[in-house]
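Here is a briefing on a predicted model. Take a look at the structure, then read on.

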Amino acid sequence: MEATYIKRKKDGRIHIKSGNKGDRVLRWTVVILTILTFVAFLFFNYAGLELGSAITETAYNLKVMFLEPALSHLSLGEAIYQVGVTLSLAFLATIIGAVIAFFLSLMAATNLAPVGITRIVRVFVAFIRAVPTVLWVLIFAIAAGLGSEAAVLGMLFHSIAYLVKAFSEAFEEVDKGILEALQSAGGSWWHIVKSGVLPSTFTYLLSWVFLRFEINFGVAVAMGAAAGAGGIGFDLFMASSFYFDLREVGFITYAILIVAFLLEVISTRLKKRYFPATSD
Amino acid sequence: MNEKTLRKNRWQTVILLLIIIVLTYVSSAITSFNFVDGLVTIPKAIGWMFSNLMVTQETLDKLPTILEKLAETTFMSIAATTIAAVVSLFLGVFGSKTTKVNNFLSVFARFIASVSRNIPVVAWSLVLLLSFGQNSVTGFLALFVGTVGFLTRAFIESIDEASQSSVEALTATGATYFQIVGKAVIPQCLPQMISWVLFMVETNIRNATLVGILTGTGIGYTFDMYYKMLNYNAVALVTLCIVITVIIVDLMSNYVRKVIL
């Protein structure tokens with residue numbers, strides 16, 4: 001009875017799929033990304049590239065790196081110390097970021113703050129996120145001088161942006177009944193946060209902080225190499241760009257890899273325990 | 001919750017906070033990070049930004065060069081992400097529990113993903129720089145490797161999450177492996193996957209700046225050059241261009257995500 005209008009193709013066959021907006025946008029996204037990828041290769045700057053020899057050379061380099069790791073400009077103790085420096089930079093940026101993000105996300109959660117303020121905080125966070133971390137570190141390095149302060153402050157920005165998003169989403173999922181119960185008992189805004197919101201989200205918040213710490217370790221390595229922030233990243237940069245010592249690069253890569261693996265194992269466990277819905 | 005568990009929880013919290021405070025103290029000692037100095041720096045830095053990071057008329061002359069480099073970087077990140085997504089699609093299908101071909105391939109796919117994800121992009125770009133030289137291909141490959149690692153994990157998770165029952169239904173009708181993957185798994189996970197790809201495009205544009213500084217290509221190199229020449233007005237312009245690009249990409253991918261998910 002609903003056969004009043006049947007879409008047909010030119011050759012008379014009936015359309016089997018009724019294309020909705022989602023499918024159409026999906027298809028266009030894939031098509032546009034594919035086209036842009038092909039265009040991209042025209043834009044590339046191929047200066048001084050000899051593909052054949054580059055590939056064999058890289059294969060050889062990787063072999064030296066991974067099969068013959070050795071230290072020559074650093075002692076083992078120093079290397080471990082530098083890994084410690086990188087971990088500490090990541091830790092400081094994460095912890096300070098978490099404290100600031102906690103207060104900002106109270107202002108960004110729609111059930112705890114008026115809409116006007118949440119919008120301002122969100123725009124602010126979006127802007128922070130758009131500037132790459134390395135630029136933040138370099139900009140702070142001018143004002144604060146090269147050192148741990150510039151590195152930590154620069155890394156702080158993205159940690160705050162990431163955690164504000166995660167925290168405010170966690171706050172928004174707090175049972176409305178809890179907030180109402182505290183409000184009707186005469187609790188002030190701070191009472192609601194302290195005894196209603198915080199206890200029911202605390203473990204969530206902690207695991208988000210740890211996930212960010214894992215990311216920040218990688219960021220801290222990168223900042224050491226690109227912005228001279230110290231730590232193992234800087235040694236990596238020196239080993240490859242100044243000494244051209246692939247064996248040392250290999251050793252440092254292994255050191256980073258081991259720490260990253262450990263952090264990943266812990267964070268996967270945390271995810272399984274606290275976010276069973278998102279992990280398998 | 002009785003009184004005992006409440007008290008136990010409270011103790012756990014106190015101990016945790018103590019550990020965090022001790023760790024903070026230790027790490028600020030290791031890095032000689034000074035909280036007071038750090039706090040003082042923030043207003044100073046913001047003041048400096050407002051007085052020095054201004055786009056002036058004469059820097060606008062440099063806009064065409066900057067935009068050209070920015071386009072190169074943006075295209076490079078998109079290309080790296082898309083091609084990585086194709087590779088990750090295969091690795092993801094092999095690595096997922098529901099669609100794996102055999103155990104060996106599954107472990108192999110997960111291993112590749114884990115190694116390429118955990119070795120930092122910095123190490124890849126520095127090693128590739130040695131033999132590929134100072135051009136876009138170096139940056140492209142460095143981003144590509146990191147993206148494969150990330151996307152494979154994301155794809156494995158979305159395949160595991162989504163397709164259990166439809167795979168079972170198709171297996172019951174006697175469908176072949178390729179029919180199951182092509183008709184059930186991929187269509188079902190595609191929106192989720194595209195959402196991850198778009199997220200990665202945005203991340204890669206930001207990472208490309210970092211890779212560019214290290215390998216001397218694209219917008220990162222432009223930034224580094226002006227930064228070392230102490231031409232802060234040009235630095236401001238470059239930063240502004242990057243911010244605008246990232247925000248545009250972000251808005252576009254948010255729109256797509258809203259429609260397809």
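Which residue just after helix 9 of chain B takes a positive phi? Leu230(B) does, with a phi of about 60 degrees. This is a predicted model, in which local features need pLDDT of at least 70 and side-chain atom pairs count only at pLDDT 80 or more, while totals for chains, interfaces and linings use all residues. Residues are numbered from 1 along each chain as its sequence is written, and chains are lettered from A and ligands numbered from 1 in the order in which they are written.

**Helix 9 of chain B**

- Helix 9 of chain B covers residues 218-228, and eight of its 11 residues are buried, so the rest of the structure largely encloses it.
- Helices here are DSSP runs of H or I with at least four residues, strands are runs of E with at least two, and both are numbered from the N terminus.
- A residue is buried if 20 or more other C-beta atoms lie within 10 Å of its own, exposed if 12 or fewer, and partly exposed in between; C-beta atoms are placed from the backbone.
- The buried set consists of Gly218(B), Ile219(B), Gly220(B), Tyr221(B), Thr222(B), Phe223(B), Asp224(B) and Tyr226(B).
- From chain A, helix 5 (133-144) packs against these buried residues.
- From chain B, they pack against helix 3 (63-95), helix 6 (136-162), helix 8 (177-215) and helix 10 (232-260).

**Chain A**

- Chain A has 10 helices and zero strands.
- Its radius of gyration is 26 Å, well over the 19 Å that the globule rule gives for 280 residues, so chain A is more spread out than a compact globule.
- That radius is taken over C-alpha atoms, and the rule is 2.2 Å times the number of residues to the power 0.38.
- The C-alpha trace of chain A spans about 75 × 70 × 40 Å along its principal axes.
- Of its 280 residues, 39% count as buried.
- Among contacts in chain A between residues at least 6 apart in sequence, 69% join residues at least 24 apart.
- A contact means that two C-beta atoms, placed from the backbone, lie within 7 Å.

**Chain B**

- Chain B runs α-α-α-α-α-α-α-α-α-α along the sequence.
- Its radius of gyration is 24 Å, well over the 18 Å that the globule rule gives for 261 residues, so chain B is more spread out than a compact globule.
- Along its principal axes, the C-alpha trace of chain B spans about 70 × 60 × 40 Å.
- Buried residues account for 48% of the 261 in chain B.
- In chain B, 72% of contacts between residues at least 6 apart in sequence join residues at least 24 apart.
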